[in-house]
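Take a moment to look over the model before reading on.

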Amino acid sequence: MQSRTPPGAEPGSTRAELDSRLSAELTSVVAGARRRAVRDGDRQIDTAHLLHSLLESDPAVRAVFEDGGQVVRLLGYLVQRSIGYGLQWQGTVEDSGAVPMVTAVKEAGWSPAAATAMEMALDRAELRGDPRALGIDLLAGLAADPECRAVEVLGRAGVDVPRLLARVEAGCQGYAEEYGTGS
């Protein structure tokens with residue numbers, strides 16, 4: 001007997017299930033990344049789409065960068081994506097292989113690296129005791145993969161990624177203390 005499940009449609013989180021686990025801000029970020037991928041003619045949402053949308057939409061994410069100049073440089077690289085920088089990415093699947101692929105999120109149209117970063121964001125929220133992931137959780141998931149497109153952009157803009165991760169951790173700890181979540 002043949003399976004009725006088409007290849008690549010294995011069981012996993014559906015879009016509605018995923019959205020229910022994201023903060024309102026992060027749901028907006030994902031929608032923006034999806035629109036950006038479609039507009040750019042990319043087959044999948046990748047980590048650079050997510051980073052771009054995070055920087056545009058989430059003030060808490062912008063706040064963890066050392067200064068506004070870093071954010072401006074990052075946005076500059078990301079805006080240039082479709083007119084030169086990043087053209088080598090078009091038509092390719094982003095799978096850095098640097099971070100083991102997590103398969104719990106099976107959102108259609110996501111690069112393996114982006115799906116893994118999102119799963120890491122969901123795990124961070126769960127560890128913190130928060131039912132919904134925040135943009136800062138996704139930023140940490142993106143920065144954890146040294147070979148993903150988002151980290152390439154961060155590096156080109158002069159961002160020290162280990163230092164950024166330390167600032168993210170400090171911000172998440174402050175959130176947990178302020179709102180009484182986590183340990």
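A residue is called buried when its relative accessible area is under 20%, exposed when it is over 50%, and partly exposed in between, using a 1.4 Å probe and protein chains only. This is a predicted model, in which local features need pLDDT of at least 70, side-chain atom pairs count only at pLDDT 80 or more, and totals for chains, interfaces and linings use all residues. Residues are numbered from 1 along each chain as its sequence is written, and side-chain values use heavy atoms, leaving out hydrogens and water.

Start with the whole chain. It has 9 helices and 0 strands. Helices here are DSSP runs of H or I with at least four residues, strands are runs of E with at least two, and both are numbered from the N terminus. The order along the sequence reads α-α-α-α-α-α-α-α-α. The chain holds 183 residues, and 45% of them count as buried. Its accessible surface comes to about 9200 Å², by the Shrake-Rupley method with a 1.4 Å probe, where only the protein chains shown count as cover for residues. Carbon and sulfur atoms account for 53% of that surface. A contact means heavy atoms within 4.5 Å. Among contacts with a separation of 6 or more, 68% join residues 24 or more positions apart.

Now turn to helix α5, residues 68-79. The expected span of a helix is 1.5 Å times one less than its number of residues. For the 12 residues of α5 that gives 16 Å, and the end C-alpha atoms are 16 Å apart, which agrees. Which residues of α5 are buried? They are Gln70, Val71, Leu74 and Leu78. These cover an arc of only 100 degrees around the axis, so they sit on the same side of α5. The arc is taken from the directions from the helix axis to the C-beta atoms. Val72 and Val79 are exposed on the other side of α5. The buried residues of the helix pack against α3 (47-57), α4 (59-63) and α8 (149-156).

Asp67 caps the N-terminal end of α5. One of its side-chain oxygens lies 2.8 Å from the backbone nitrogen of Gly69. Gly69 itself lies in α5 and is partly exposed, at 29% relative accessibility. Its C-alpha atom is 9.4 Å from that of Ala157, 88 residues apart along the chain.

Ala48 lies in it and is buried, with a relative accessible area of 1%. Ala48 and Leu78 are 30 residues apart in sequence, yet their C-alpha atoms are 7.3 Å apart. His52 also lies in α3. Is His52 buried or exposed? At 5% relative accessibility, it counts as buried. Beyond residues up to four places away in sequence, His52 touches Arg36, Leu75, Leu78 and Val79.

Last comes the core. A nonpolar core is a set of buried Ala, Val, Leu, Ile, Met, Phe, Trp, Tyr and Cys residues joined through side-chain atoms within 4.5 Å. The largest one has 46 residues, and Leu51, Phe65, Trp110, Leu138, Leu139 and Leu154 touch the most other members. The elements giving two or more residues to this core are α2 (24-40), α3, α5, α6 (112-128), α7 (135-143), α8 and α9 (161-179). Helix α6 gives the most, with 8 residues. Leaving aside neighbours within four places in sequence, Leu51 is in contact with Leu78, Leu139, Leu142, Ala150, Val153 and Leu154.

Definitions and conventions
A polar contact is a pair of N or O atoms within 3.5 Å; within protein, one must be able to donate a hydrogen and the other to accept it, and residues adjacent in sequence count only if both atoms are side-chain atoms.
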